[in-house]
Amino acid sequence: MKLLHLSDLHIGKRVCEFSMLDDQRFILEQIVGIAGDVKPDAVLIAGDLYDRSIPVGEAVTLLDDFLTELAGRGIPVFAISGNHDSPERLDFGSRIMREHRVTIAGTFQGTVPRADLSDSFGAVHIYLLPFLRPAAAQPFFGAEKTGSYDGAVRAAIETAALCPDKRNILVAHQFVISGSSEPLRCDSETVSVGGLDSVDVSAFDGFDYVALGHLHGPQKIGRDSVRYAGSPLKYSFSEARQKKSVTVIELGEKGKLELTQIPLKPLRDMREIRGPIAELTAPETVAGANPEDYIRAVLTDEDEIADPAGKLRAVYPNLMRIDFENRRMNAENSGTAAAGDPSRRTPMQLFEEFYRDRSGSPMSEREREIIGKIIEEAGEETV
Ligand SMILES: [Mn+2]
């Protein structure tokens with residue numbers, strides 16, 4: 001039996017004010033193509049289908065198209081909610097969709113629902129655990145068992161009463177760790193301070209494969225068969241060097257399983273370029289890769305550049321971010337750090353820093369005037 005594992009679609013996400021919808025449509029069509037080639041017995045989607053609890057209309061249409069395409073090819077889908085999804089909204093229509101073999105577990109209802117598939121080796125039990133917070137588990141298991149994410153997830157799994165002779169698969173969306181080793185994190189994930197949301201991998205000991213969502217870099221946790229598929233697209237520059245993929249799980253008889261990662265090729269890559277502006281905008285540099293990619297430019301020029309954003313955008317239309325790395329900036333930055341406490345700077349100084357950080361150049365006198373007026377109107381003291 002073959003299963004295709006994906007997660008963290010974050011449909012509707014915007015990165016640096018750029019809508020990712022075209023990129024998401026492109027990558028989801030590619031995944032439908034992969035599903036057509038691989039012919040999995042099911043597709044597992046491990047949460048964060050949408051980027052926000054109330055997704056924009058186009059995002060809903062895109063997910064609808066994706067699920068309809070898979071269902072149309074006769075491929076069963078098993079999906080759960082992630083921390084970005086609204087559990088109730090994902091549940092909408094789910095009882096009707098189940099008739100078309102699209103099974104969505106949005107809200108946690110006190111048990112881990114199971115779906116049964118089978119092949120020549122016998123039954124495969126697929127369990128669906130929506131993203132679980134202790135507060136959502138407490139009404140079912142009491143405060144004592146659900147004082148932590150780890151406790152809440154263990155209490156939920158206990159309800160599953162696994163058949164040890166069957167092949168058991170879990171789809172879950174949690175922050176899973178293995179002892180004290182730190183998983184690979186990215187900036188596009190929602191972080192929780194102090195690791196209070198962590199669940200130890202030992203909670204999943206009874207499962208033959210755990211299809212995880214939450215972390216955006218593809219990786220195993222502890223053993224090979226507890227895996228984050230990762231997001232299908234890069235959603236932050238901290239992921240610029242990652243290779244995105246979907247995971248194929250090939251189940252043999254109980255205890256036998258093979259994993260393959262199928263690489264995904266985005267419509268536009270997200271990458272960093274670094275150097276003096278003349279070099280970065282030179283035709284041979286621009287032609288060396290897709291200029292439509294999402295770009296973070298790190299400029300190393302020592303001299304002041306007039307309108308760096310405009311110059312870069314003329315050749316890289318999807319420029320997302322500019323940073324400077326030169327002696328002058330380093331000196332200024334260390335000056336700022338020495339000045340320390342932002343609360344001791346005036347609103348105007350803070351805004352000037354913000355403006356320079358975003359645009360790459362200082363504010364003009366006219367702009368300073370306008371901002372000064374706005375700050376005054378807002379009742380803040382300007383200096
Ligand atoms: Mn996510």
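Visitor: Why is the contact between the side chains of Glu-158 and Lys-145 called a salt bridge?

Guide: Their nitrogen and oxygen stand 3.5 Å apart. A salt bridge requires a side-chain nitrogen of Lys or Arg within 4 Å of a carboxyl oxygen of Asp or Glu, so the pair qualifies. Please note that this is a predicted model, in which local features need pLDDT of at least 70 and side-chain atom pairs count only at pLDDT 80 or more, whereas totals for chains, interfaces and linings use all residues. Residues are numbered from 1 along each chain as its sequence is written, and side-chain values use heavy atoms, with hydrogens and water left out.

Visitor: Which parts does the pair of Glu-158 and Lys-145 tie together?

Guide: Glu-158 belongs to helix 6 (residues 149-158), while Lys-145 is in the loop between helix 5 (134-141) and helix 6, so the pair ties together parts 13 residues apart in sequence. Helices (H or I, at least four residues) and strands (E, at least two) are DSSP runs, numbered from the N terminus.

Visitor: What makes Glu-158 exposed?

Guide: Glu-158 has a relative accessible area of 57%. Buried means under 20%, exposed over 50%, and partly exposed in between (1.4 Å probe, protein chains only), so Glu-158 counts as exposed. Lys-145, at 45%, is partly exposed.

Visitor: What makes Asp-8, His-10, Asp-48 and His-216 the protein donors of the manganese ion?

Guide: Their donor atoms are OD in Asp-8 and Asp-48 and NE2 in His-10 and His-216, lying 2.1 to 2.4 Å from the ion. Donors are N, O and S atoms within 2.8 Å of the metal (3.2 Å for Na, K and Ca), so these atoms qualify; as water is not among the atoms, sites may look incomplete. Asp-8 is in the loop between strand 1 (2-6) and strand 2 (14-15), and Asp-48 in the loop between strand 4 (42-45) and helix 2 (57-72), so this pair ties together parts 40 residues apart in sequence. Both Asp-8 and Asp-48 are buried.

Visitor: Why do strand 6 and strand 16 count as edges of the sheet?

Guide: The open sheet has six strands in the order 6-5-4-1-15-16, with mixed pairing. Strand 6 (102-105) and strand 16 (257-263) each have a single partner strand, so one side of each lacks a neighbour in the sheet.

Visitor: How do you know that strand 5 and strand 6 are joined?

Guide: Four bridges join strand 5 (residues 77-80) to strand 6, and the two run parallel. Two strands pair if DSSP finds at least two bridges between them, so this pair meets the requirement. In strand 6, Ala-105 is the bridge partner of Ile-80.

Visitor: Why is Gly-255 called exposed?

Guide: Gly-255 has 72% relative accessibility, so this residue counts as exposed. Gly-255 is placed in the loop between strand 15 and strand 16.
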